Amino acid sequence: MAKLRAVCYINQFFAGLGGEEKAHEGLSVYEGAKGPSMGMAPMWKGEMEVVLTLSCGDNFFNLEEQYESVKPEILRLVKDAAPDVVIAGPAFNAGRYGVACGKFCDLITSQLGIPSVTSMFPTNPGVEMYLRKTYITPSAETAAGMRTTLPRLAALALKLAKKETIGPADVDGYIPSGVRINEVDAKSAATRVVDMLVAKLQGRPYVTEVPLRKDERVAPAPAIADPSKIRFGLITTGGLVPKGNPDKIKQYAADSYGTYPIDPSTWDSAHYESVHGGYDTTAVNKDPQRLIAYTAALELVKQGVIGSVTPYFMSTSGIGTNVGMGRKLGAEMAEKLKGDGVGAVFLTST
Amino acid sequence: MSMHLTRKYYPVRELQEGATCAYSGGVLTVNYEELLAVAKPYGKNISKIWFEVCRPGEDARIVHVLDTIQPMVKASAPENWGGKEYPGVLNHPYTCGNGVTHLLEGFALMECCALPWDEYSASSGLLYARDAVIQTTGFYSHYTPFADTLNLIVNFEVAPGKSSEEYDNDIRKSAMAIARHLAALTLGQEPEREEVFDNTPAEGLPKVALVWMCQNQGIYADTLLYGLPIDDIVPTLLEPNEMLDGASVSGNYVWPTFKIPTWVHVNGPTVLDLYSRHGKELNFAGVIFARSHQPSNWHKDRCAQLIAKIAGQIGCEGLIMQWEGGGNACIDGMLTVQNCERRGIRAALFTFEFGGKDGTEGQLLVDDVPEADAVVSGGSWERPVHLEPVKVAYGGQTLRLDKEKGGFFPDATGPLDFETNVHMYMGGNQSGYSKITAHAY
């Protein structure tokens, strides 16, 4: 059976041309393996060979104009070499090299439909940029870790070349892209959680299935020095909308909000209702002021306690909305209110 | 004092109609007139009851599902332990968990009803039972145990003009009466197998408790403990056997994905798993039962601290955290984990995750704490759901969806696409029953 074919991409340093002083070098083309890919060949046990190695200087490849000039030639060379997979790097923690490796893989996979893989240290900026465009196996921080880095890269490259189904990140040894897929496990969640607790109690290793997120804290805003000089906005996450829900704000997992003028002649239960899906809205449906205390705010204006209040309110349904969407909606509301001269808001949650 | 419960199992491999209800050698014979007569005293606000049967292996969809009950009956109990099956629902709320209980195994009794979309609950999200769907084939059949059980579906039509409280009460009691009647057919017969549940302390092994936090937000969103909703419950220590005998009963129909039916309360996957390791790897000390969806920070701290206190008081070294409900309940669960870990009690938990269409949107959890470092994923409820058409629908022939947008009423057997799994019964995997998880790619 014919051997599978790989094309590799490396930078000027690993091609043996030189370091920083050669980072402007253009495209070099080598028959067969060159540099680190020579170390991968034995790992493929004769199933795959490197047929072509391409190299560019890191600065050259990262400059958009030069990259564009060499792109057609790269595509032609790779297409002619007809590889089953392309492999870039490993780039370790070299930022420009990492970005170049990601860029190369993305180009070949998106333009020619050939699978690609590269390898970088997890904090290499190229990881964040190309995580969802190509497979990236984690590498050591520097080339001193070449020996521990190559086996994973070689194994995933071979699997891709064979067009085998790629398993989850922890099984096939690549950096997770953020995509998570629902699948059926061999054991129930109940059994797995007891397994995990027993391991924890016995001091054995265990791996959480939901990665911990970084501790995020929202610092409280400083206190308002003089409310009598401030224009107040009105926001609720209690799902208050004009009857009929004109903006079709979702009852759950809302991804929008509405801005509604308050007309004192229609500011009543005949004209407003709550569409929130997570609390008993009976009281609110009897009186919208349970959520937006507009009359009380006007009274405060009259007494000179606050400067003024907007004649409208903003509303969404705060239930089941993920944190990212919540942040986006909040920022949009704040932006609009700031544009209207608002310096503080009455925010009623439920 | 630990409890000693013998569960005797009577499998239902076939169900047939006959002149009178009977159980013999795995065959359950039902007479529907007889069952209607059993339910009648409890059904003042029910206008019609009719039955359907969904067998394992059928290409079916069950809709309008409210609660699902494990039919069982208390055969005997020691003196001074008068608690029967599901105490407090149809009988006096004496303590259960001891003696002998008969169960119809591999069998479920399902309440199905298109509860009215009336003005009383028209725009109140909470009081609205969203259509719950069970698919018995394909990927989504993994969500519930009910693709593998023989299901007797009790369809209810309610009398017009009555309150949600009355409908809720009558449906539950009618169904419970039928379940008890069927299970009682086994009295005096030899079981096919039996299991003994006795958590006499296993010396030298770490004490572990299960924290079971259930939703309670009003009619159609309640959980009953010994016959009463748990609105103001102080976290309570139960023996695991009380759970097995039906001390807690679900009355929660609002979000099908975030619910644990009564059948799963009494066949709790975590309770059964902890029991299977009792005396081997751990010492199953009890179930700390509490309310999820605590209404404010004040309540949340109060509840979480009391749970940690009880766990410490009974000498727990480890704890499994399990909750019913959405993001609000997640905060309660995380606070509990944090309080326990800070007192030196090791905790592990399972939860559904978010993440949008493919895991990349927003955060995976509404809340987490640094102490929650042992989290099992029950899969994401936010992934789009595609249901293939089925041969037959039970519980109703038309789905009722999207009330807040004016309603959408697709054919119950046709292909269905949902943005999330919110309508899928037990889709959030909050009992730990399902093997569905999420893998990072």
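In the predicted model, strand β21(B) is covered on both faces. On one side R346(B), A348(B), F350(B) and F352(B) are buried, and on the other A347(B), L349(B), T351(B) and E353(B) are buried as well. Burial thus extends to eight of the eight residues of β21(B), so the strand is largely enclosed by the rest of the structure. A residue is counted as buried here if 20 or more other C-beta atoms lie within 10 Å of its own.

Strand β21(B) is paired with β20(B) through four bridges, and these two strands run parallel. Within this pairing, G318(B) has R346(B) of β21(B) as its bridge partner.

The contact comprises 54 residues from chain A and 63 residues from chain B. On the chain B side, two or more residues each come from α5 (269-277), β20 (318-323), β21 (346-353), β22 (375-380) and β26 (436-440). The most is given by β22(B), with six residues. By residue class, the side of chain B that touches chain A divides into 25 polar, 24 nonpolar and 14 charged residues.

Strand pairing is also found between the two chains. Strand β7 of chain A, residues 180-184, pairs with β26(B) in the antiparallel sense over five bridges. Here I181(A) has H439(B) of β26(B) as its bridge partner. In the domain assignment of chain A, domain 1 spans 4-172 and domain 2 spans 227-348. The C-alpha centres of these two domains of chain A lie 53 Å apart.

A further sheet in chain B is open and consists of three strands in the order β16-β15-β18, with antiparallel pairing. Strands β16 (228-229) and β18 (248-252) of chain B stand at its edges; each has a single partner strand, so one side of each is left without a neighbour in the sheet. Strand β15 of chain B, residues 221-225, is joined to β16(B) by two bridges and runs antiparallel to it. In this pairing the bridge partner of L224(B) is P229(B) of β16(B).

Technical notes: Residues are numbered from 1 along each chain as its sequence is written. Chains are lettered from A and ligands numbered from 1 in the order in which they are written. This is a predicted model: local features need pLDDT of at least 70, side-chain atom pairs count only at pLDDT 80 or more; totals for chains, interfaces and linings use all residues. Two residues are in contact if their C-beta atoms, placed from the backbone, lie within 7 Å. Ala, Val, Leu, Ile, Met, Phe, Trp, Tyr, Cys and Pro count as nonpolar, Asp, Glu, Lys and Arg as charged, and the others, Gly among them, as polar. Two strands pair if DSSP finds at least two bridges between them. A residue is buried if 20 or more other C-beta atoms lie within 10 Å of its own, exposed if 12 or fewer, and partly exposed in between; C-beta atoms are placed from the backbone. Domain bounds come from an automatic or database domain assignment.
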